[in-house]
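Please open the model in your viewer and keep the selection panel at hand. The stops below run from the whole chain to single residues.

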Amino acid sequence: MSTSRGNSDDGARPKVGIFGLTGCAGDQLQILNCEDELIRLAERMEIVDWVMAKSSNDHRCPLDVAFVEGVVATQRDLRTLREVRARAKTLVAVGTCAVWGGLPAMVNRISRDELAREAGRDIADLPETVEARPASEFVPFDLKLTGCPIERHEFLRLVHAVLAGTRPELPRVPVCWECKAKENLCRVIHFGEVCCGAMTRGGCGARCPSHGVACGGCRGPVETPNYDANITMFRDRGISWIEIARRMERFSACLLY
């Protein structure tokens, strides 16, 4: 990362941009939900390009830090992404879509011709569209923050680290570890459900299992997921690998197809 001690080259506040590609804009909304914390951060950095939140933006100036959410699903997305990469000293992928492909990548196993027919359109009318892929496949990112949407406390921790010229300490344990720490009943062992907690990156505090819902894998896979052990665990309880693959594909489809 090139940002050092929170200062750009001229000693002013670091210039920051926040961008959305194809997606639901949930990660940008989560950043907006930081509210008071965001106001305090604005004293340390200058947000110069954020279409979702500002009416006046500088689309050309160099950026010290840029945050990008969403997938590349159009040629316009790709052009935007490459332009932002060229402008930014430090580029951060925010959200599961940007990092892993997320929900939009699920459609990749359906041909574009079939999708066009279902939409009642001719494929020639959709020249800009491409197979949805995570932004991280097209340009190098300096940092990646997963989540669907991202967790506010993780985003703030990351921003403070970047402004200080360091790398953030983010969870490396699986959701399953967080779930056990809360002493929740295991959704697999006690309820015979497909739960992706053992393969999914933690950081959410096992929110879904804590409310009686099996983990769907929305934060993407851990660094070294033990798929074989999970296949055995699910098979022993009458759950097939096809079922777990279908559940995981909701958020990590590009890893499975």
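Helices (H or I, at least four residues) and strands (E, at least two) are DSSP runs, numbered from the N terminus. This is a predicted model, in which local features need pLDDT of at least 70, side-chain atom pairs count only at pLDDT 80 or more, and totals for chains, interfaces and linings use all residues. Residues are numbered from 1 along each chain as its sequence is written, and side-chain values use heavy atoms, with hydrogens and water left out.

**Whole chain.** Select the protein chain: there are 10 helices and seven strands. Its C-alpha atoms fill a box of roughly 60 × 50 × 25 Å along the principal axes. Buried residues make up 46% of the 257 residues, where buried means under 20% relative accessible area, exposed over 50%, and partly exposed in between (1.4 Å probe, protein chains only).

**Largest core.** Next, select Phe67 and Phe155. Of the 22 residues in the largest nonpolar core, these two touch the most other members. Such a core is a set of buried Ala, Val, Leu, Ile, Met, Phe, Trp, Tyr and Cys residues joined through side-chain atoms within 4.5 Å. The largest share, six residues, comes from H6. Leaving aside neighbours within four places in sequence, the contacts of Phe67 (heavy atoms within 4.5 Å) include Val16, Phe19, Val92, Phe155 and Leu158. A second, separate core of 20 residues includes Cys61, Trp100, Ala135 and Val139.

Leu32 is partly exposed, because its relative accessible area is 30%. In the loop between H1 and H2, pick Glu35. Its phi is positive, about 45°, although Glu35 is not a glycine. Is Glu35 buried or exposed? Glu35 is exposed, with a relative accessible area of 51%.

Move to Ala206, in the loop between helix H7 (175-181) and helix H8 (207-210). Phi of Ala206 is near 55°, again a positive value in a residue other than glycine. At 0% relative accessibility, Ala206 counts as buried.

**A cis bond.** Finally, select Cys148 and Pro149. The peptide bond from Cys148 to Pro149 is cis, with omega near 0°. Pro149 lies in the loop between E7 and H6. Most residues other than glycine have a negative phi, and most peptide bonds are trans.
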